Amino acid sequence: MTTHGGFEPVFCTIVPPHVLDKLAQAEDSALAGPARRTLERDAFERTQRRLTTVIGATAVAAVADGKPQRTVHDARHGTDLPGHRVRGEGDKPGKDATVNRAYAGLGATFELLLKAYQRDSIDGNGLPLNATVHYDREYNNAFWNGEQMVFGDGDGEIFLDFTIPIDVIGHELVHGVTQYTANLTYFGQPGALNESVSDVFGSLIKQYTLGQTAAEADWLIGAGLLAPRVTGKALRSMKEPGTAYDDDVLGKDPQPATMDDYVRTGRDNGGVHINSGIPNHAFYLAATALGGHAWERAGLIWYDVLTGGELKQQAMFADFATLTVKAARERFGDGEELDAVSKAWEQVGVRTL
């Protein structure tokens, strides 16, 4: 079973449903068609995830030896998973850049988890990392289905190849980390925290790979994913939620930066991709206040909360914030880390208990 101790993995995509919904309404069929097919495929995969959770999945052998076990498959524009094996651990790069980027992204995620947090793969016990590329035709998404990563090639009009941004790869894999730890419920504020944790560590994986400090990072999620015709720079901005895109087809980025603009909606599992902007912004504020490499102090505090055992599945923003304050104090004492974290949550309007 992939449910690890009774935990139920969820189907998580990088492109929010509200973006695809907007795109599906475009007058241009070249834009609307792929978006509609992507929504239909996502609905099917989401149902398959629920069925797998009920009937169980094949156990995957893991070896906790501090070394990645990566396998990349090619769906060849079909939808059968995992597809045809095209690159395994230690194999030399081939001619397919998409395969190579997926392989590298799996490795970068594994490396950050191991070197920064002493975590052996996403489950902490050497779980093999599997990915499938070239999924379906003009598929405008990437997802973690509870067992593996899957990447579409995009439609070329709005979205490009989903392996291009390394933070997208990291984001989806970190849903797996959450699955094996706090297992945050994928609805409302717990779901927004689930999404935010993936954005946080997705961004840290990019920063770690590039050797960037918090001040040097762009704090964008999915930079390089949007096609040239789109008026925008990424899917989300942790630095300035609500500014990632403002496009005549996609609309305007709806993410709030503070609780003053919290969005109450029944769509997107209660706005999990929208309200995640609030804890995202809190992390950005804490990390930039501390300076240096964000994965070292701010990232460690967030990791402590995610994996510490006190974060409940139904945790609200205030619960998570309170635990970060506690974690900052326990790890670093009453110093600048505690001050930075406390002020960050205060700035976004989340009260600590």
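Helices and strands are taken here as DSSP runs, of at least four residues for helices and at least two for strands, and are numbered from the N terminus. The structure described is a predicted model.

In these terms, the model contains an open sheet of 6 strands in the order 1-5-6-4-2-3, with mixed pairing. Strand 1 (12-13) and strand 3 (84-88) form the edges, each pairing on one side only. Helix 4 packs on this sheet, where it touches strand 1, strand 4, strand 5 (142-144) and strand 6. The direction of helix 4 makes about 20° with that of strand 5. Within the sheet, strand 2 (residues 70-74) and strand 4 (residues 129-133) run parallel and are joined by 5 bridges. In this pairing, V72 of the chain stands opposite A131 in strand 4.

Helix 3 spans residues 97-117 and comprises 21 residues. The distance from its first C-alpha to its last is 29 Å, close to the 30 Å expected at 1.5 Å a residue. Helix 3 is mostly covered, with 15 of its 21 residues buried. At the N-terminal end, helix 3 is capped by D96, a side-chain oxygen of which lies 2.9 Å from the backbone nitrogen of T98.

The loop between strand 6 (149-151) and helix 4 (166-180) contains T163. This residue is classed as buried because its relative accessible area is 1%, against a cut-off of under 20%. Two side-chain polar contacts involve T163. One joins the side chain of T163 to that of R101 at 2.9 Å, and another links the side chains of T163 and D161 at 2.8 Å. When residues up to four places away in sequence are not counted, T163 touches T98, R101, A102, V133, F151 and I169.

According to the UniProt record, an unreviewed entry, the annotation "domain: Peptidase M4" covers residues 96-179. Over residues 96-179, the chain is 42% helix and 13% strand. The end C-alpha atoms of that stretch are 31 Å apart.

Definitions and conventions. Residues numbered from 1 in each chain as written. Predicted model: local features only at pLDDT ≥ 70, side-chain atom pairs only at ≥ 80, totals over all residues. Heavy atoms only, no water. Expected span 1.5 Å × (residues − 1). Buried < 20%, exposed > 50% of the residue type's maximum accessible area, 1.4 Å probe, protein only. Polar contact = N/O pair within 3.5 Å; in protein donor to acceptor, adjacent residues only side chain to side chain. Contact = heavy atoms within 4.5 Å. UniProt positions renumbered as here; feature names shortened; annotations may be inferred. Pairing = 2+ DSSP bridges. Axes fitted to C-alpha atoms, helices over the stretch in contact; angles between N-to-C directions.
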